[in-house]
Amino acid sequence: MVDYTVWRQWCDHAERASEKTAIVHWAAGREPYSWSWGELVDEACSYAVLLQEYGVEAGDVCGLIIRHSRDFYPVYMAVSAIGALPAVLAYPNPRLHPDKFRSGLEGMSRTSGLDWVLTECELEPIVGPLLSSPGSSIRGILFPFEWSRQPVQSRELRIERTADTSSPCLLQHSSGTTGLQKAVVLSHRAVLEHVHCYAAAIKVSPRDRVVSWLPLYHDMGLIAAFYLPLVLGIPLVQLDPFEWVVAPVILLDAISKEQGTLTWLPNFAYNLMASRIRDEDLEGVRLDSLRMVINCSEPVRAESHEMFFRRFAPYGLRREALAACYAMAETTFAVTQTPPCTEARTISVSRQQVEKGIAALSAEVDGARHCVSSGAPISGCEVQILGEDGESLPHGHIGEIVIRSVSLFDGYRNNKVKTAEVLRDGAYYSGDFGFLHEGELYVMGRKKDIIIVAGKNIYPEDIEDVVSQLDGVLAGRVIAFGIENEDLGTEEICIVAETPCRDQSSQSILRRSIVEACMDIDVTISRVYLASPRWLIKSSAGKPARKINQKRAIRELLYL
């Protein structure tokens, strides 16, 4: 039973193993900076005193908009030390218009109830107007701190309140593309119990070393690749997400040099690294130390795993390291997990049966859908598949994934309506469709994204997989969606695909290829929109934002 807070756990590491490595911070063009536990906690205590001098109090919500830097970690921990709630927010992409970012932050401040924004001086022109606007109760602190900081020994600091494990520990935001993301409230007990349950599922040991480029505003980066190593006291090697996007090989370089054993990736990262990293970039890289590369996408793509394995097997990547996990902010992180030393299982199911809601196993035939298992429920989690009327479905039948967990969130902050929609009788209704087979969960896609054509359920993921494989289409940069045709009384299927092709002749050929490829899986496409590279908007988790792109495509793009 958990009887302490996250901050207490970090202080325990500092007292018991002061010289042990806590975090190795990687930055392009610089030598990695290593934080020991003693240095990290002492620095966090210094920041905590300064935050208190500014007026930050226990229970305050502190939004952190700070780039990848070695100072981020002690600042984040300082917020926890006070008993305030840290909430990591995405640093603005350089391509994002300042007004758009400020609007998103404004919306998030209303939904999350931000009391403070801790950010950098460079963002003052963007954030400043929000902080000084009439009626705004948000206060801001800009970095770097221009204060004369005096070292404060953690043993001498008395800033933590009486431990209350049921009190809020942090806010993390569910995946989204705007400032209207839902803020998930997690208690200390939920975070700590989850870390220990998940660590048991992947058999974490003192020999492990986590390497991650994942942004910390998403649950995959925040819980799996930040809280898990820091709660358990195993080293964390942290890379800059922006630098990884520019040069994906840095993840593999860090794994090789730091002897990393664990890393988590969204689905698109497998394709990106397999297609963009050149042989000359991999000189001296070895991936033998990796025991688990964990895919947390919904659904996991079999083709992505295979592409990734074939590309990096010559560098020591083992097939059994390719694992999978079903995870979300509302359950702190993981619900299911592939066991260590076991490749995520792939089975084939008939597309025709899937349309009827039955995932009947199928022989390897043309048109079969390859489904990748996300593993079995971890300790403390229970998974049910429910039908439209709320009835429990047997194995092999497709329905909504419903979860009970010891680490379930307490609700969406300041949003009782949304909380009541998904949290009922102690269970979380995920909005994802999937099925159970031999005790393992297979995720099919989002319930709201399913396209219904003449009574047939069509999963957009199936269409996107087929189109992504065509020459002229940028792999992974495709979305499929349905639009209602009132004359026909059913939905029509539309596709948006990014392509480097610019001349009309090439685009006409590509459109025909897309329609013909979809006919091979018995899907009729009514509209094909072609977009230039990087046109599609993706969520903070790297998932296709179908609704937003649907509206944008209809408004901005021509189709044939």
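I began with strand 1 (residues 21–25) and found it mostly covered, with 4 of its 5 residues buried. I note that the model is a predicted one.

I then looked up the partners of strand 1. Strand 2 (residues 33–36) pairs with strand 1 in the antiparallel sense, over 4 bridges. In this pairing I found I23 opposite W35. Strand 10 (residues 236–238) runs parallel to strand 1 and is joined to it by 3 bridges. Here I recorded V237 as the bridge partner of V24.

Next I turned to the nonpolar cores. The largest has 119 residues, and the members that touch the most others are Y227, W264 and F333. Helix 7 (residues 219–232) gives the most to this core, namely 10 residues. I listed the contacts of F333 beyond its neighbours within four places in sequence; among them are H194, Y198, I223, W264, C296 and M328. Another core, of 21 residues, lies apart from the largest one and includes V466, I493, C518 and V523.

Last, I examined an open sheet of 3 strands, in the order 25-26-27 and with mixed pairing. Strand 25 (478–485) and strand 27 (525–531) are its edges, each pairing on one side only. On average, neighbouring strands of this sheet are turned by 25° against each other, direction ignored. Strand 26 (residues 490–498) and strand 27 run parallel and share 6 bridges; V496 stands opposite Y529. Helix 14 (residues 460–468) packs on the sheet and touches strand 25, strand 26 and strand 27, its direction making about 130° with that of strand 25. I also found helix 16 (residues 546–556) lying across strand 25, strand 26 and strand 27, at about 70° to strand 25.

Key
Residues numbered from 1 in each chain as written. Predicted model: local features only at pLDDT ≥ 70, side-chain atom pairs only at ≥ 80, totals over all residues. Heavy atoms only, no water. Buried < 20%, exposed > 50% of the residue type's maximum accessible area, 1.4 Å probe, protein only. Helix = DSSP H or I, 4+ residues; strand = E, 2+ residues; numbered from the N terminus. Pairing = 2+ DSSP bridges. Core = buried A, V, L, I, M, F, W, Y, C linked by side-chain atoms within 4.5 Å. Contact = heavy atoms within 4.5 Å. Axes fitted to C-alpha atoms, helices over the stretch in contact; angles between N-to-C directions.
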